[in-house]
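After that, turn to the ligand and its surroundings.

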Amino acid sequence: MNPPRDEVLVIGGGVIGLATALALIEAGRGVRVVDAGKPGSGASHGNCGTITPSHAPPLAAPGMVALGLRWMFTPDAPLYLKPRLDPGLWRWLAHFAARCNAADWRRSTQSRSILLNDSRQRLADWVARFGLQCEFAEQGLDYVFRQQANFDHYARQAGQLREFGIGSEVLDGADYLRDEPALKPGVVGAVRFAGDARLRPDRYVAELARVVRERGGVVEEGCRVDSLQEHGGGVEAATDRGPRHAREAVVALGAWTPGLARGLGLRLPIQPGKGYSITYSRPSIVPSRPLVLKDRSVCVTVWDSGFRLGSTMEFSGYDQAMNATRLGALERAASEYLHEPFGAQVQERWHGWRPMTWDDLPVLGRSPRHRHVWLAAGHGMLGVSMSAASGQLMADLMTGRSPALDPAPYRMERFA
Ligand SMILES: Cc1cc2nc3c(=O)[nH]c(=O)nc-3n(C[C@H](O)[C@H](O)[C@H](O)COP(=O)(O)OP(=O)(O)OC[C@H]3O[C@@H](n4cnc5c(N)ncnc54)[C@H](O)[C@@H]3O)c2cc1C
């Protein structure tokens, strides 16, 4: 007897897989999501939970190669590359370096801002429509500076973002400190992005899974997919719990996507970009909105339920180690800026792998080599921010609806 057959099998229950599942269910499709662990236990768990059209500029920017080389010799720098013999990583870096120019920066900023702006609005709609209890708040976000040269650079860049639909306000240091008693003296200025927002990412993912289940979808935990192939007018996934059949599959495995894709004959340039966070109980004096401590590239997010410091980008493969120097860098940065840099109790020390493509754009669309296989991966530093738009775009493409966004910039064919 054939095992049950689903309409769509979503492989990977992170924020991208679950957002895709929800949008597909809303479009009338039957969906099963399978995850090797608990849904939301990958990068979607301990990230900073900021929803940031402000972050539209990609990592590959003019000057980044020189900065990256300097940082290679600084163990607690925001970006770190562990030198190792890995041809895939060096190929990725070569493409990344080639994109560190003004024209490619603009192109990526444009395509990222379209996805981010759509997602920001859609997310607010989803929170209201599905009653997602995830500490979502539309407070904006501030970049805060203690170094004048950095402040001047980002104040100029913030102005450039207006043409991409991203508004900001540049604030003088003294004015800022008057309104933000949580910060120590020495802030020279800030850039406020009033359109940004925040949520608690573990709750958001849990809520997406709840709504998917309530609307008839299946979310299966502890089901690892080892391979996927097209089979009999659909797909067959080999899992550690036996085969799963469906008419179509969406591969949404975040940083793990290249492994499964390789078995399908696809070479996806996604590198794991490791980041860390520490979650504490809430200190008594906290900033009134999320902050990026920009000179140190550390993010501070405050919820009713806790307080998180997060950041750092480490290209060290799928290395599980918790690097104490890099975790310490989060606390050192917070101590420089905040009167109360952390809460009394540490609730969690965490690391996760961001799925990084060299152009900082996700891969969304049909596999170039398959009729029944779709890809939704490579969201880098912004998977939560881009989740609702990515899920909707996937559902639109898969159901043949005309999509709200032009899907061309996100196709895998761009890597050919
Ligand atoms: C420190 C840090 C801070 C960040 N801050 C932000 C932020 O403020 N805002 C923002 O928008 N983004 C942020 N990000 C990025 C964001 O976390 C990611 O872009 C996003 O979580 C990626 O989601 P995903 O669903 O693609 O991947 P994941 O969440 O990693 O999901 C992949 C899933 O696949 C499952 N899986 C793996 N292998 C298999 C298999 N063989 N079979 C079945 N299942 C499998 C895993 O268990 C996992 O649940 C941050 C990331 C980090 C590390």
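Helices α4 and α10 pack at an angle of about 95°, and their axes are 6 Å apart. That makes α4 roughly perpendicular to α10, a term that covers angles of 65 to 115 degrees, while angles under 35 count as roughly parallel, over 145 as roughly antiparallel and the rest as oblique. The axes are lines fitted to C-alpha atoms, for helices over the stretch in contact, and the angles run from 0 to 180 degrees between N-to-C directions. Helices here are DSSP runs of H or I with at least four residues, strands are runs of E with at least two, and both are numbered from the N terminus.

This is a predicted model, in which local features need pLDDT of at least 70, side-chain atom pairs count only at pLDDT 80 or more, and totals for chains, interfaces and linings use all residues. Residues are numbered from 1 along each chain as its sequence is written, and side-chain values use heavy atoms, with hydrogens and water left out.

Which residues of α4 and α10 meet? On α4 they are L115, D118, S119, R122, L123 and W126, and on α10 they are S387, A388, A389, S390 and Q392; contact means heavy atoms within 4.5 Å. By class, five are nonpolar, four polar and two charged. Ala, Val, Leu, Ile, Met, Phe, Trp, Tyr, Cys and Pro count as nonpolar, Asp, Glu, Lys and Arg as charged, and the others, Gly among them, as polar.

Helix α10 (residues 387–399) also packs with helix α1 (residues 15–26), at an angle of about 50° and with the axes 8 Å apart. The two are therefore oblique to each other. Residues V15, I16, A19, T20, A23 and L24 of α1 meet S387, S390, G391, Q392, M394, A395 and M398 of α10. This contact has eight nonpolar, five polar and no charged residues.

Helix α4 (residues 102–130) has a crossing with α7 (residues 201–214) as well, at roughly 55° and with axes that come within 12 Å. This crossing is left-handed.

Now for the ligand. Of the 33 residues around the ligand, D35, S44, T50, G380 and S385 come nearest; a residue is near if one of its heavy atoms lies within 4 Å. A polar side-chain atom of S44 is 2.5 Å from a ligand oxygen atom.

Definitions and conventions
A crossing is left-handed if the near helix is turned anticlockwise from the far one by less than a right angle, and right-handed if clockwise. A polar contact is a pair of N or O atoms within 3.5 Å; within protein, one must be able to donate a hydrogen and the other to accept it, and residues adjacent in sequence count only if both atoms are side-chain atoms.
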